[in-house]
Amino acid sequence: MASNASDVLAVELLQKDARLAVSGELGRACPGGTLRVVPLFETVKDLRGAGSVIRKLLSIDWYRQHIIKNHNGHQEVMVGYSDSGKDAGRFTAAWELYKAQEDVVAACNEYDIKVTLFHGRGGSIGRGGGPTYMAIQSQPPGSVMGTLRSTEQGEMVQAKFGLPQTAVRQLEIYTTAVLLATLRPPQPPREEKWRNLMEDISKISCQCYRNVVYENPEFLSYFQEATPQSELGFLNIGSRPTRRKSSTGIGHLRAIPWVFAWTQTRFVLPAWLGVGAGLKDACEKGQTEELKAMYREWPFFQSTIDLIEMVLGKADIPIAKHYDEVLVSQKRQELGKQLRNELISTGKFVLAVSGQEKPQQNNRSLRKLIESRLPFLNPMNMLQVEILKRLRCDDDNLKARDALLITINGIAAGMRNTG
């Protein structure tokens, strides 16, 4: 949650004062006796100001000399995918992250400082997850100059590094993608009007997302009824509390349970909500051919659309509808129906841009993989709905809690990139 230059300087001051009381051992362990201080920009507002914060820091003679002397002229900056996605929706978050990285790189270049961008990604698409190679190859030109950091979280650690051969393969993918992005940087937007079109789509997408998630007074109650979010807090899973503060609003809910809960119901709402509205607006203004050209020629835009398409392939409207019919109160059923219609509309416009007839048409292996899991996933979802119904009548039912945990683990394993 860094938002000002003072957030970094305060930590540098703390280090400076604290070092007066430590032995020389720390000084030998760290160059210049100080640890790296890395600002993490997370919300959309903070991402928009990231470049300005770095410029302000590097304009301070002491700080710039400190970076040159103690850190080999190397500044590290972290960008967060989870909270920006929960804040504004996946499409807007992706575009704001792209622009923020461009601005941070430009700021460091102005002062002849090298930069490493640290990507705080989760496993799910809603939290910046997705195929590693595709993600690195779609970064802004100049943002991967022989160096990159990225988080691997939760079940993705086991999936990617659990076996020696798999771990080596993952490191090969990282190395290849970083080398290629350095030696042959991805193409920037070909024309200025592509940027303007992205701004327009992003604005409509964010507006639609926030109108549902933050402005609709019924949404919070619908979310709590339609998903196992409330029950997740009682289970011994995850490393942190589900909320940052005790309030019940969406704003203080952590991004992990936000995405995880929707993935359990197979609705995967955080990854697609708002995207359809933005693309629909552009298509209705006669920009369909321009969007198709962007998809063909701009790696960032292609990656964004492909990831949303993958989510649409995993979403299941009949299953999500079943959760609503059994668990959601009658007065909120209409909201669920509206959201399911929005999912159908999103699929229609995503496919219009990619030029395919159905999701994963060009990725048969992934489609086959998803379809092969359905005979196991669908019964677990049916069981979970029944268990949630019973638990909400008797929340002290320990056997039901144990059964719920089994279904949660099973569905998470089947959906793979859950959080």
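# Getting to know this predicted chain

Reader: How many helices and strands does the secondary structure of the protein chain come to?
Author: This is a predicted model, where local features need pLDDT of at least 70, side-chain atom pairs count only at pLDDT 80 or more, and totals for chains, interfaces and linings use all residues. Residues are numbered from 1 along each chain as its sequence is written, and side-chain values use heavy atoms, with hydrogens and water left out. Helices (H or I, at least four residues) and strands (E, at least two) are DSSP runs, numbered from the N terminus. The count comes to 22 helices and 4 strands.

Reader: What share of the 419 residues counts as buried?
Author: Buried means under 20% relative accessible area, exposed over 50%, and partly exposed in between (1.4 Å probe, protein chains only). By that cut-off, the buried share of the 419 residues is 51%.

Reader: Which residues of helix H4 are buried, and where do they sit on the helix?
Author: H4 covers residues 50-58, and its buried ones are Ala50, Gly51, Val53, Ile54, Leu57 and Leu58. Looking down the axis of H4, they fall within an arc of 160° (taken from the directions from the helix axis to the C-beta atoms). So they line one face of the helix.

Reader: Which helices and strands do the buried residues of H4 pack against?
Author: Contact here means heavy atoms within 4.5 Å. The partners are helix H1 (5-18), strand S1 (40-41), helix H3 (44-48), helix H5 (61-70), strand S2 (74-80) and helix H7 (90-110).

Reader: Among contacts between residues at least 6 apart in sequence, what share joins residues at least 24 apart?
Author: Going by contacts in the protein chain, that share is 80%.
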